[in-house]
Amino acid sequence: MRALVVHEFGPLASHRVEEAAAPQAGERDVLIDVHAIGLNFPDTLMLQGKYQTRPDRPFIPGRDAAGVVRAVGAKVTRVKPGDRVIAQVATGAFAEQLAAPEGRCFVMPARMGFVTGAGMVTIYNTAYVAAVIRARIAPGETVLVTGASGGVGLAAVQIAKAKGARVLAGVTSKDKGEVALASGADALIDLAAPDLRESLREQVFALTDRRGVDAVLDPVGGDVFDAALRALGYAGRMVIIGFASGRIPEIKGHYVLLKNIAVIGAPLDIHFKMQPAVMEAAVADLFRMYERGEIRPEIMATYPLENIHAAMDVIVSRKVKGKIVLTTGRV
């Protein structure tokens with residue numbers, strides 16, 4: 001099969017799509033003929049050895065896949081050959097075939113296409129963990145989503161709206177703002193405004209009668225995190241999704257105490273490990289929202305697997321508006 005193989009960590013351009021041995025399914029694994037693959041910012045970090053985990057080399061990276069079940073292990077009961085599934089894995093998705101644990105595979109709704117399915121996996125699961133499981137967003141609350149034109153940001157906008165929140169979308173340009181508004185955001189916060197530390201809070205206060213927001217969902221980190229923290233209202237929740245800006249912020253404990261706010265982590269993978277039943281219910285809820293038309297992945301572009309470097313360039317240059325999906329030629 002064809003796959004992107006990492007022999008040693010290094011620059012993105014140093015890794016190549018090549019022939020690799022097809023995976024073998026264990027007794028609790030599902031063997032999938034991959035049709036589409038979701039590309040994520042953390043994937044670019046993993047190839048460079050900059051991600052929080054560093055798999056033994058050589059390995060095939062990639063977290064998100066959608067395809068058709070070819071075979072299942074002897075103890076698999078949830079899916080069967082011929083099922084159309086999405087899979088969320090730690091590695092292995094950048095390939096024409098994938099062996100995924102049964103608990104990480106989910107049968108797609110009948111009208112969901114492979115590109116859409118692959119475009120949902122990590123970003124919508126991540127946004128769901130942040131918005132629903134960790135922030136516990138309630139109807140009528142006001143939520144600020146930073147990085148709201150990226151994959152996770154747009155997913156968070158849509159999920160928060162589906163759960164009844166008023167959503168303020170933090171963006172850095174007019175065209176990115178238009179994408180966020182099209183996904184359901186109620187108003188925009190300009191993250192490119194001068195003196196962000198003060199301007200972000202003033203923009204939020206102007207839209208909330210100076211109450212601040214009930215929750216911030218932040219995949220950006222850095223200066224945006226610092227500024228957004230100051231825009232929280234009473235008993236507000238600051239949810240950390242990631243650090244796309246490259247800087248991990250530091251938080252002063254006395255500020256959390258005096259403001260009566262909570263700072264909450266929203267890691268995805270540990271939820272699959274520690275609360276698999278919760279994540280199974282989360283995916284089912286996401287599929288229901290999709291079928292009701294409440295969420296829809298914004299697919300910016302598709303690229304053949306062989307052109308993965310061009311696709312990664314779009315991500316690392318921060319030109320993404322929505323999601324980029326790779327295809328294997330089966331779509």
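**Sheet and cores in a predicted model**

Me: What makes β9 and β10 a pair?
Reply: Strand β9 (residues 166-171) and β10 run parallel and share four bridges. Two strands pair if DSSP finds at least two bridges between them, so β9 and β10 count as paired. Strands here are DSSP runs (E, at least two residues) and helices are runs of H or I, at least four residues, numbered from the N terminus. In this pair, glycine 170 stands opposite isoleucine 189 in β10.

Me: What kind of model is this, and how are residues numbered?
Reply: The model is predicted: local features need pLDDT of at least 70 and side-chain atom pairs pLDDT 80 or more, while totals for chains, interfaces and linings use all residues. Residues are numbered from 1 along each chain as its sequence is written, and side-chain values use heavy atoms, without hydrogens and water.

Me: Why are β10 and β13 said to stand at the edges?
Reply: The open, parallel sheet has six strands in the order β10-β9-β8-β11-β12-β13. β10 (187-190) and β13 (262-265) each have a single partner strand, so one side of each lacks a neighbour in the sheet.

Me: What makes the 53 residues a nonpolar core?
Reply: A nonpolar core is a set of buried (under 20% relative accessible area, 1.4 Å probe, protein chains only) Ala, Val, Leu, Ile, Met, Phe, Trp, Tyr and Cys residues joined through side-chain atoms within 4.5 Å. Among the 53 residues of the largest one, those touching the most other members include Tyr124, Ile137 and Leu217. Helix α2 gives the most to this core, with 13 residues.

Technical notes: Buried < 20%, exposed > 50% of the residue type's maximum accessible area, 1.4 Å probe, protein only.
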